[in-house]
Amino acid sequence: LMATQAPVLIAPAMNIHMYENPILQENLRKLRRVGYEILEPGEGYLACGYEGKGRLPDPEAILDQIRWQLKKKDLTNEKLVVTAGPSREPLDPIRYISNRSSGKMGYALARAAARRGAEVVLISGPTALMAPPGVKLTAVNTAAEMRQAILDEYATCTGVVMAAAVADYHPAQFSADKIKRGTGSLQVRLEPNPDILKELGQRKDGKLLIGFAAETGNLEANAEKKLREKNLDMIVANDVTREGGGFDGDTNIATIIDRRGATRSLPLMSKDELADHIFDHLLTLRR
């Protein structure tokens with residue numbers, strides 16, 4: 001270990017009193033100072049019978065940290081706002097209008113950007129996902145909340161990656177009490193939400209804007225129209241009717257179209273792999 005030139009990751013796991021020992025903590029600080037990466041242990045029931053900090057992190061967390069260390073840091077000059085997940089537009093205190101977005105694509109983008117050295121703000125609708133390490137998470141519910149969270153970060157960011165599935169409409173009226181079941185039909189009037197991407201495109205100010213288009217037909221034509229109308233630099237389009245390319249899954253099938261007219265169709269791949277392809281294309285546009 002002393003002779004290796006490779007990056008070193010240490011994942012200490014032990015009894016809580018051993019871990020809290022000041023001599024051990026000082027040694028960990030020394031290792032950090034000379035460039036070793038230390039992965040903090042988890043908390044919970046320990047093999048020795050005690051409960052507390054000292055558990056070996058989950059293998060997935062260790063693997064994620066390894067990927068972080070080995071990834072080329074080619075986005076260090078970027079501060080990216082990444083949006084993810086669905087929005088929820090409330091009807092009453094119990095019900096809301098939403099969609100099937102799991103947030104996995106947006107979280108994969110945030111994870112990939114952070115691994116590559118970017119400062120990342122992840123603005124997420126409700127999901128069951130954990131925020132990637134090194135990412136600032138801002139949780140929102142409605143389209144209006146997402147818009148405000150993006151605008152709060154917009155002045156200091158270098159780009160926005162809009163992967164969230166934001167509702168186009170919200171109920172015109174919110175009932176403060178639960179809407180009770182009646183004998184007849186129920187009509188809900190919807191009003192349009194702000195078009196966040198279009199608004200950002202109008203105030204672009206030199207920032208890169210990347211949008212997503214989930215389509216069920218005329219994929220490239222619809223995506224190119226959205227690219228032009230919203231003044232985007234790049235759009236990532238996918239046909240949600242194709243197996244492996246819809247909501248909820250860990251894979252995607254996408255076509256990337258940029259402002260120069262370049263089109264790149266990608267095969268079925270994991271959302272983490274697609275995220276890296278998207279940022280590779282972003283760097284091409286930067287150059």
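In this predicted model, strand E14 (residues 234-239) is largely enclosed by the rest of the structure, because six of its six residues are buried. Here buried means under 20% relative accessible area, with a 1.4 Å probe and protein chains only, while strands (E, at least two residues) and helices (H or I, at least four) are DSSP runs numbered from the N terminus. Residues are numbered from 1 along each chain as its sequence is written. Local features need pLDDT of at least 70 and side-chain atom pairs pLDDT 80 or more, whereas totals for chains, interfaces and linings use all residues, and side-chain values use heavy atoms, without hydrogens or water.

In a regular strand the side chains alternate between the two faces of the sheet. In E14, Met234, Val236 and Asn238 point one way and Ile235, Ala237 and Asp239 the other. Strand pairing requires at least two DSSP bridges. Strand E13 (residues 208-215) runs parallel to E14 and is joined to it by six bridges, with glycine 211 opposite isoleucine 235. Strand E16 (residues 255-258) pairs with E14 in the antiparallel sense over four bridges, and here isoleucine 235 stands opposite isoleucine 257.

These strands belong to an open sheet of eight, in the order E9-E8-E5-E10-E13-E14-E16-E17, with mixed pairing. Strands E9 (135-139) and E17 (263-265) stand at the edges with a single partner strand each, so one side of each is left without a neighbour in the sheet. Further along, E5 and strand E10 (residues 159-162) run parallel, joined by four bridges, and valine 81 stands opposite valine 160 in E10. Helix H5 packs on the sheet, touching E5, E8, E9, E10 and E13, where contact means heavy atoms within 4.5 Å.

What about the interior? A nonpolar core is a set of buried Ala, Val, Leu, Ile, Met, Phe, Trp, Tyr and Cys residues joined through side-chain atoms within 4.5 Å. The largest has 34 residues, of which Leu109, Ile278 and Phe279 touch the most other members. Elements giving two or more residues to this core include strand E5 (79-84), helix H4 (104-115), E13 and E14; H4 gives the most, with eight residues. Leaving aside residues up to four places away in sequence, phenylalanine 279 touches Leu75, Leu80, Leu109, Ala112, Ala113, Arg116 and Val161. A second, separate core of 24 residues includes Val81, Leu151, Leu197 and Leu232.

How values were computed. Buried means under 20% relative accessible area, exposed over 50%, partly exposed in between (1.4 Å probe, protein chains only). Axes are lines fitted to C-alpha atoms, for helices over the stretch in contact, and angles run from 0 to 180 degrees between N-to-C directions.
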